[in-house]
Amino acid sequence: MLDTLAAALEPLPPAPRWLIGLSGGLDSHVLLHSLHALSKIRTLPPLAAVHVHHGLNPQADHWQAHCISLCHDLDIPLTVQAVDARPATGESPEAAARSARYRAIAHVMQSGEILLTAHHRRDQAETLLLQLLRGAGPAGLAAMPRLKPFGPGWQARPVLDLDRDRLVAYAQEAALRWVEDDSNADLRFDRNGLRQVIMPQLRQRWPSLDATVSRAALLQAEAQDLLAERAREDLELVRGSVPGTLSVAGLTRLRRPRLRNALRGWLQDKGLPMPGRVRLESVIEQVLKAGPDASPRVAWAGAEVRRYRDDLYALEPLVPVDRGWVWQWTPTAPLTLPELGITLDPALLQSQWGVNPSTLTTPLRVCLRQGGEVMRWRGQTRLLKKLFQEAGIPPWIRDRLPLVYVDEQLVAVWGIL
Ligand SMILES: Nc1ncnc2c1ncn2[C@@H]1O[C@H](COP(=O)(O)OP(=O)(O)OP(=O)(O)O)[C@@H](O)[C@H]1O
C-alpha cells in the first residue's frame, strides 16, 4: 500500500505543504495514516489536515472531535473550518455541501499547496456512471482527474487507482477507528442509490466493474485532452476583433462538431458554466446565424452569449440597470457606482477628458444614456449614438456607461469616449 501510494505521489509538483482533506470516514483516515507512515520513511512536504464542519448532520460535532483526536495522536496540525452548507433554492444538498466544503478548504490554502483527497477507484467508477446517466460528453465522462489546479494550489487524488478493498484492508490491519456518515444510507441521493443498490448488482455480473469503468474514464480524459487541444487551435483561427470575442464568420466555416467543441473550449476558458446541448445549438442557430443588424442573445444559468457585428461575446449575465439613476459627483474624491461595478477616478477626469476639478463650481452630474445625446467630439457636435457605432461599442455596453455632465454639457463617456 505504501509503495503504491508513493508511486502515485511521485509526479506531484513540489509544494510547501500537503493538506489532507479529512472527513473522519474510512477513506480519508487511511490516507492520513498512510501518509504519516510514509513520511517516516521518505522525505515528504510537511503534512497538515483540514476538516470541514458542515453543521448539517447531528453527528457533525462528533466527527470533528474524532478528526481532532486522530490528528493529535499522529501529531499532524489540523484546521477545522465551519461552513454554512445550507442549499440555495433549487440546489441539491450534496452539491451545496460540496461547494461550501471546497470553498472553505481553498480559503485555508497557501500558494502552491496541495490538497489531497481520498477518492478511490469506486468513487471514480460512480462518478463516470452518474455522468453517463446525465448524458455527459467526454469532459464529464473523464470523471475526476488525478491532479488539477485548485484554489491557490492543487488538488491531488493519490488513491484514485486503488480499490476500496485495499483501503479497508489497510484500515483493519492498522486497527483504525473511523466514523460512518449515516447520510450515505439515504437512497434519495443518486450517488447513494447507485453505490448501495445498482453497483453491487452490476459487480455480480462484472466483478472488475470499478477497474474497467475507471479505465473508461481515463480514456475519456485522453479524448477530452485532444478535444481541448483542437479547441485551442481553432480558437486561435477564429479570434474576433475585440479581445476575448470570436469571429462569427470564422466560426461558421467550422464543421458542426468542431464548432461546438470550439465554443465549449471558449466558455471553459472564460470560467463560465457550460450550456446544455440544446442551448449550445441555440447559440449556433439563433446567434451565429442572425443577420448582421440583429442583437441576438442566448442565456443560461450563469452565462449569456451575445453578438455585435461579427463578434461573438460570452458574458456573465448582465445586472439590469435603471435609466433613471443620477449621481452627483464632486470630483475631489473617487465616485463608486456599485450598481455598475465602476469607480470614477478624478485623476482620469483631468488626464483623459481635460476637465480640471478645481475649476468646477458645482458637482458633476453622472447618469446613464437616455437616447438623443450629443457630444463635442474632435471639434464637432456629434450624436452619441453615431460615436458609439463608429467606436464599435455593443448596445448592451452603451446602456451601462456612466455619462458625465458639466452643467448641461456631456463631457465624458466613462471608460470610452
Ligand atoms: N468534511 C470534510 N472535510 C474535509 N475533507 C473532506 C470532508 N468530506 C470529504 N472530504 C474529502 O473529500 C473526499 C471525498 O469525499 P466524498 O466522497 O464524501 O465527497 P463528495 O461529496 O462525493 O464530493 P467530491 O467527490 O466532489 O469531493 C474525502 O475522501 C476527503 O478527502
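**Entry 1: Asp 27 and Leu 26**

I started at Asp 27, which, leaving aside neighbours within four places in sequence, is in contact with Ala 118, His 120 and Leu 167. The model I am reading is a predicted one. I located Asp 27 in helix H2. Is Asp 27 buried or exposed? I counted 23 other C-beta atoms within 10 Å of Asp 27, and the cut-off for buried is 20 or more, so Asp 27 is buried.

I then looked at Leu 26, which also lies in helix H2. Leu 26 has 20 other C-beta atoms within 10 Å. Because buried begins at 20 or more, Leu 26 is buried. Which residues does Leu 26 touch, not counting those up to four places away in sequence? I found Leu 167, Val 168, Ala 171 and Trp 178.

In an unreviewed entry, UniProt lists Ser 23, Gly 24, Gly 25, Leu 26, Asp 27 and Ser 28 under "binding site".

**Entry 2: the ligand shell**

I looked up what surrounds the ligand and found 15 residues. The closest are Gly 21, Ser 23, Val 52, Thr 117 and Ala 118. Which elements give two or more residues to this shell? They are helix H2 (26-41), strand S2 (47-53) and helix H4 (93-108). I noted that Ser 23 is among the closest residues and is also in the UniProt "binding site" list.

By residue class, I have the shell as 4 nonpolar, 6 polar and 5 charged.

**Entry 3: domains**

I took down the division of the chain: domain 1 is 2-209, domain 2 is 238-315 and domain 3 is 326-413. The centres of domain 2 and domain 3, taken over C-alpha atoms, are separated by 31 Å. How many residues of domain 2 are in contact with domain 3? I found 5 residues of domain 2 in contact with 4 residues of domain 3. On the domain 2 side that touches domain 3, the residues are 2 nonpolar, 1 polar and 2 charged.

I also looked up residues 364-416, which UniProt lists in an unreviewed entry as "domain: Lysidine-tRNA(Ile) synthetase C-terminal". The end C-alpha atoms of this span lie 18 Å apart. I have the span as 23% helix and 40% strand.

**Entry 4: a hairpin**

I followed strand S15 (residues 374-377) and strand S16 (residues 380-383), which pair in the antiparallel sense over 4 bridges. Which residue of S16 is the bridge partner of Trp 377? I found Gln 380. S15 and S16 form a hairpin with 2 residues between them. In the turn, Arg 378 has a positive phi of about 50°.

**Entry 5: further positive phi angles**

I noted Ala 143, which is not a glycine but has a positive phi of about 55°. I placed Ala 143 in the loop between helix H6 (138-141) and strand S5 (147-150). Ala 143 is buried because 26 other C-beta atoms lie within 10 Å.

Arg 309, not a glycine either, has a positive phi of about 55°. The loop that holds Arg 309 runs between strand S9 (303-308) and strand S10 (311-315). With 16 other C-beta atoms within 10 Å, I put Arg 309 down as partly exposed.

Key. Residues are numbered from 1 along each chain as its sequence is written. This is a predicted model: local features need pLDDT of at least 70, side-chain atom pairs count only at pLDDT 80 or more; totals for chains, interfaces and linings use all residues. A residue is near a molecule or strand if its C-beta atom, placed from the backbone, lies within 6 Å of it. Ala, Val, Leu, Ile, Met, Phe, Trp, Tyr, Cys and Pro count as nonpolar, Asp, Glu, Lys and Arg as charged, and the others, Gly among them, as polar. UniProt positions are given in the numbering used here, feature names are shortened, and annotations may be inferred rather than shown by experiment. Domain bounds come from an automatic or database domain assignment. Two residues are in contact if their C-beta atoms, placed from the backbone, lie within 7 Å. A residue is buried if 20 or more other C-beta atoms lie within 10 Å of its own, exposed if 12 or fewer, and partly exposed in between; C-beta atoms are placed from the backbone. Two strands pair if DSSP finds at least two bridges between them.
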